[in-house]
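Me: I am new to reading protein structures and would like to go through this one with you. Could you help me see what the terms rest on?

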Amino acid sequence: MKVPSEKPVHTVSVRDLVEFVLRRGDLGGEREFVGSDRALAGMRGHQKIQRSRPTGYLTELPVEHQVEVDEFTLQIRGRIDGLLITSERVLLEEIKTVSASWDHEADPLHWAQAKFYGFMHACENALKELVLQLVYLELPAGKVTEFHQTFSFAELSDYFATTTAEYLAWLQERHHWCLARDASIAALAFPFPQYRPGQRELAVAAYRVLANGGRLFLAAPTGIGKTISTLFPAVKALGEGKLERIFYLTARTVGRAIAEKALVDLRRAGLKLRAVTLTAKEKVCVRDGHPCDPLTCPLARGYYDRVKPAIREALEQDEITRPVLESVGQKHQVCPFELSLDVSVWADAVICDYNYVFDPQVYLRRFFAEDGGAYGFLVDEAHNLVDRARDMFSADLEGRELLDVKRAIKKAAPRCSKALSQLHAAMRKLGHATEPDEEPVEASDSSVELNLFPVQAATIREQCEGVSTSLEFPESIIEPLEATLDEAERWLVKNQPAEFREALLALYFRLHSFRRTAEVYDERFVTIIENASEPKVRLFCLDPSLLLRQALARGKTAIFFSATLTPMDYYRTLLGGAPEDPVLQLASPFPAENLTVLIHDRIQTHFKGRAESLGDVVAAIGSLVSGRRGNYFVYFPSYQYLNDVLRKFQVCHPSLPVLVQRPGMTEAERDVFLAAFSVEHGETLVGFAVLGGIFGEGIDLVGERLIGAVIVGVGLPQLCVERDLIRDYFQPQSAAGFEYAYMFPGMNRVLQAVGRVIRSESDRGVVLLIDARFNEVRYRRLFPPWWRYVRVRHLSGLGEAVGAFWKR
C-alpha cells in the first residue's frame, strides 16, 4: 500500500504499541529484570528453537501494516520469529527466552504481539485463519513450554482494531499538538530585540548543521547567548520537519536550568513546545531514605495501572520540569523518574545529562536501541564531555565490594557467594602476576610541568606502591566474572525481597559494565591494577573519541558548544569529530576594555614552592580585593591549597568576610552560598573555591554580583596514574602528551573561572592570574585574543593597575 506523501507517517514497533496500550501491573517483576546478556542469549535461544523446526520453516520475517486515518498514517512494523506453512495450516510462532522457570500461563502481552503478527500476515496473504504459538525457552536450562491457539482472521482483525484504536487516540492528540507547535514555530521570531555581536552568525551556522546533519564545534565566549542561539535554530528545524526531537545535553544542574529558561523566553515569544527535564533517579525520588526497590516501593507497585492519567496530566504542561513531575507523580502515586521517561516519548525536547545519550549503561534505549532517529544533540559546556566520556566508557571492580556482598548473601545464595570468592581470588592473583617493567624513578609533580619527553617508560604508576598497568586485557578474570554474573542473575530473576538485594543488584550492574567494557577494549584502553589491602582492577579509557562517534550516530546532528573549546583541534578530536567537521570561534560581544587581566608572574605556585609563596599569594589577593568594595572569587587547583591560603588570609585580613566552598556541598548549601553574592550588602565579600568545581563554571553572577576573580595556579589536574597514562598515550600521536593530559584541561578551568566575571554588556571586572607560567608563550597562546592583559611584578604595581582600572 502506497503511503500518501502529503500525510505525515508515524512509525511504531509492534512491541512498543502493544506494551503502551496493554501493559499493566508493577515496574518490577519478570519483565523488568533482564540479564546482562539478554539480547545475545535471546538471539541464540531463538536460533536454537528455529533450528529445531522442520524443513520449510521461515524465520525472522519483516512485516508491516499501515493504518490510514484522515490526517496521518500509522505504520506498524515488526518481525515474525517463525512461520511454517503446510497444506493443513499456517503456524506462526512468537519465541520468548526467559531466565526463570516458566510454570504459569502465557503472558497476555506476548499473546498480543503474536496476534498482531498474525493479523498482519493474514491480512497480507488473505488468510481466513492461522495457528498462533507462543514458545518459552528457559535459559540456561533449555526447557521449552508451548501454548498454541487457532484464530480466525475476523478475531484477529477485531483485536487489532480495538488495541490500535487506543494508540491512535494518543497519536491523534500528538498530531494535533504538533500542528499547533509547528504553526507557532513558523511564526516565531528571535525572542530578544536584537542579536548580540556574533550571535546571528552562531544561530545561522547552527541551523545549517541542524537542518542538513553533521557536527559543529562552536567556541563562543560567556555571555554571547549560546543556549538561545542553538535552541532557536533547533526549534526552527524541528518545526520544518528536519528534526524529530531535540536533546539538550548538560553536565550540571545549572546548565539544565539555563536551557529551561531559554525555552521560557521562546514560549513568551509565542512558542508551543513540550520539553521534559530528566533528573537523576536518586534526586527526584520522593521517598527519601528508602531503597529503590520496585518490589517494595508503592510508587512502583501497580505503576502501569496508573501511569497513563499521569502522562496525560504532565503533557498538559509545556514546561515539564522536576517540580511538575514530582507533583504529578505524587498525585497519581507513580515513580516520578519513570514517569519522566514515559513522558519523554511524547515530548518535543528532552533536557538531560550527557549520560542519557552517551553512557552505554544508561542511555535511553527507548530512543536509541534500534536505529536512532532524526535527533538533534545540543551538547552544552562540551569541554566537560571529554573526562565524563572517559568515566562512562571505563569500568572497575573492587575487591572490597565483592567481599561485602559475598558475606551478605552467603546463606541465601551460597552458589553466588562461592563465585564471588573465586572472582576475588582471580583479581588478587592478577595483581601479583603483573610487575612494573622499570625500576622506580622519582615522580615529577604535575605542578612542576611533567615535561619528561621523550616519554619514559617509567611514569608515576611505578612509584605507587601496589599499582601496575598493562595494555593487555586481563583475560584470566573473565571466566570467574561470567560465572558470578550467571549466579547473580539466577538469584535476581526470582525477584525476591531481601536486605542485600540492592547491594547485589548494584554489584551485578558493575560486573555487567566491566564485561561490556571488555568487549570494546582495544588500544584506546589500559588496565590499571591496584593490589594494596584489597585488589582493584580498572579498565581505563584513554581516548573516548571512537565510542563517542559511535554514540553520535544515534542521532542526525550534534552541536558541541562551550566558551572554552580551546584549543579547538584538541576538543574536536577527542569529542569524536573529524577534520572536515566545521568549527566556529567567535569573539566576545562585550567591550574589551570592560575586563582587565593582570598577570603576577613573580609568584611560584607549583607544589614544592607553595609553602614559601603563601605570604605573597595572600598579599596579592588582599591588594586586588582592596581596590574596590564588592564581591570576589578566589580559585585554587585543590582544596588543600585553598585551605592553606585561607588560614593565612584570615590572619592577615580578619575583618574581611569570606565564604568557602566545601567538598560535597548539597544543592541547598550551594544556593545559600551563591545567594550571598548580592549587591545589597555594600561590603567586600571573598569566596574561596576550587577550579573546575561547582562555582568555577556555569554560575551567572551579573553586574555587581561579581566584580573580580583571582586564579591561583594554571589549574593543572592533580598528579595521578590515569593522567600520566593519558600523557604517554597521546605523546607518540601528537607530540603533545603533557598538553593533552594536563595543560589543556588545566587552562580550561582557568578560562572558565575568568568567564564568571563578565556576563553582560555593562559588566566591568578585574582578574588576577597568579603564577609565573601564565607569562610563558605556550600558556599565553591559549588566552582569548580579546583579553587585554598586563604583567605586574610587585604589589605596588598590582595596586596601581587595579586602581587605574576602577578609575576609568
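Me: Which residue stands opposite Val-526 in E16?
Reply: That residue is Phe-540. Keep in mind that we are looking at a predicted model.

Me: How do you know that strand E15 and E16 pair?
Reply: Pairing takes at least two bridges between the strands. Seven bridges join E15 (residues 525-531) to E16, so the two count as paired. They run antiparallel, and they form a hairpin with three residues between them.

Me: What makes E13 a partner of E16?
Reply: Strand E13 (residues 395-398) has four bridges to E16, in the antiparallel sense. At least two are needed, so this is a pair as well. Here Glu-398 stands opposite Lys-536.

Me: Why is strand E16 called mostly covered?
Reply: A residue is buried if its relative accessible area is under 20%. In E16 (residues 535-541), six of the seven residues are buried.

Me: How do you know that E7 and E17 pair?
Reply: E7 (residues 214-219) and E17 (residues 557-562) share six bridges in the parallel sense, and because at least two are required, they pair. Gly-214, for one, has Thr-557 as its bridge partner in E17.

Me: What is the order of the open sheet, and what makes E10 and E18 its edges?
Reply: Eight strands follow the order E10-E9-E11-E8-E12-E17-E7-E18, with parallel pairing. E10 (319-320) and E18 (583-585) each have a single partner strand, so one side of each lacks a neighbour in the sheet. Helix H5 (residues 199-212) packs on this sheet, touching E7, E12, E17 and E18.

Definitions and conventions: Residues are numbered from 1 along each chain as its sequence is written. This is a predicted model: local features need pLDDT of at least 70, side-chain atom pairs count only at pLDDT 80 or more; totals for chains, interfaces and linings use all residues. Side-chain values use heavy atoms; hydrogens and water are left out. Contact means heavy atoms within 4.5 Å. Axes are lines fitted to C-alpha atoms, for helices over the stretch in contact, and angles run from 0 to 180 degrees between N-to-C directions. Buried means under 20% relative accessible area, exposed over 50%, partly exposed in between (1.4 Å probe, protein chains only).
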